[in-house]
Amino acid sequence: MLKREAVYIWYYFSVQFEQIFSYWVCGMAIGSFISVFCKNKIHNLFSAMQGKRLSLFGIVPACILGIASPLCMYGTIPIAASFSEKGMRDDWLASFMMASILLNPQLIIYSSALGRNALIVRLLSCFFCGITAGLLIHFFYNEEKFFDFTGFYETANRDTDPNIFLRYVKSFGRNVKATGLWFLIGILLSALFQRYVPAEGFARLFGRKNGFGVLMAATIGVPLYVCGGGTIPLLQQWLADGMSMASAAAFMITGPATKITNLGALKIILGIRHFKLYIIFVILYSLINGLIIDLLS
């Protein structure tokens, strides 16, 4: 009995692995390339915005550059701290950091495994989330500081090997180490899900035109999300089993936004009061975004 079950699970695991492995490798390859050759240029572009009279409209390029940045939140905050020290506006910083939390070049490539529609939904949802964060800070915290970067300093660049090829290989290796285990765990969870969770019941819970499904998807994104690459196999299977795009969008917002490592860093720079406001914003945005997608689909 156990042997037969193991064979079934291995079958589902191997099928899922073959479907998504190339996206994972491609995501790491492109992410490492950007980290080694483009990261400083991206951050220099953001810093250069300070001298331009963009006013509120600066949140748009700030959001785009946040998505393009390959750094994790613990890498983004010291960069943002250095910008803040030089006088960068809080609304621009909010847009940049919110977008950086939700999306990066690696995750964009990973997400292409979900199909074109899901990728577009993820890109637009994350972009408008960053824009919304910047707008809220601009209109409600225009006269006071929202962030406290005290004690945060820009960390040393690890991509410094004089040999360009070795520099890239080391960056690629760090990406494998950071995401590889969670990628495999995500595929295993997907295999277990395929084997033991009835597709019909799942479709009823998270299916089309189901506001409760959006709420549930937003909720499970909080404890379940650990690594972007690790959740792609789960989302791929959920969408195949009937999960609506609206529910998937809600999960793709609350998941990375409430990832435990991100929350730990954000709590330090936000303080208790602003941290609570951040959590409320994430939940409300994910729900409203999901419901809008439901209406449009």
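This is a predicted model: local features need pLDDT of at least 70, side-chain atom pairs count only at pLDDT 80 or more; totals for chains, interfaces and linings use all residues.
**Helix pair H2 and H3**

Helix H2 spans residues 39-48, and helix H3 spans residues 59-68. Their axes come within 10 Å of each other. The crossing angle is roughly 165 degrees. Angles over 145 degrees count as roughly antiparallel. H2 and H3 are therefore roughly antiparallel to each other. The crossing of H2 past H3 is left-handed. On the H2 side, the contact is made by Ile42, Leu45 and Phe46. On the H3 side, Ala62, Leu65 and Ala68 take part. By class, six residues of this contact are nonpolar, with no polar and no charged ones.

**Second largest pocket**

The second largest pocket holds about 380 Å³ of space. Its lining counts 18 residues. Nearest the centre of this pocket lie Ile137, Phe146, Leu277, Tyr278 and Phe281. Three helices, H5, H7 and H13, each give two or more residues to the lining. Their ranges are tabulated here.

| Helix | Residue range |
|---|---|
| H5 | residues 90-102 |
| H7 | residues 116-140 |
| H13 | residues 260-296 |

Which helix gives the largest share of the lining of the second largest pocket? That helix is H13, with seven residues. What classes make up the lining of this pocket? The lining has 17 nonpolar residues and one polar residue.

Notes: Residues are numbered from 1 along each chain as its sequence is written. Side-chain values use heavy atoms; hydrogens and water are left out. Axes are lines fitted to C-alpha atoms, for helices over the stretch in contact, and angles run from 0 to 180 degrees between N-to-C directions. Helices (H or I, at least four residues) and strands (E, at least two) are DSSP runs, numbered from the N terminus. Angles under 35 degrees count as roughly parallel, over 145 as roughly antiparallel, 65 to 115 as roughly perpendicular and the rest as oblique. A crossing is left-handed if the near helix is turned anticlockwise from the far one by less than a right angle, and right-handed if clockwise. Contact means heavy atoms within 4.5 Å. Ala, Val, Leu, Ile, Met, Phe, Trp, Tyr, Cys and Pro count as nonpolar, Asp, Glu, Lys and Arg as charged, and the others, Gly among them, as polar. On a 1 Å grid over the protein atoms alone, a cavity is a set of points where a 1.4 Å probe fits but cannot get out, and a pocket is an open set with protein on both sides within 12 Å along at least five of seven lines; lining residues have an atom within 4 Å of a point. Grid points are joined across faces, edges and corners, and a volume is the space filled by probe spheres set on the points.
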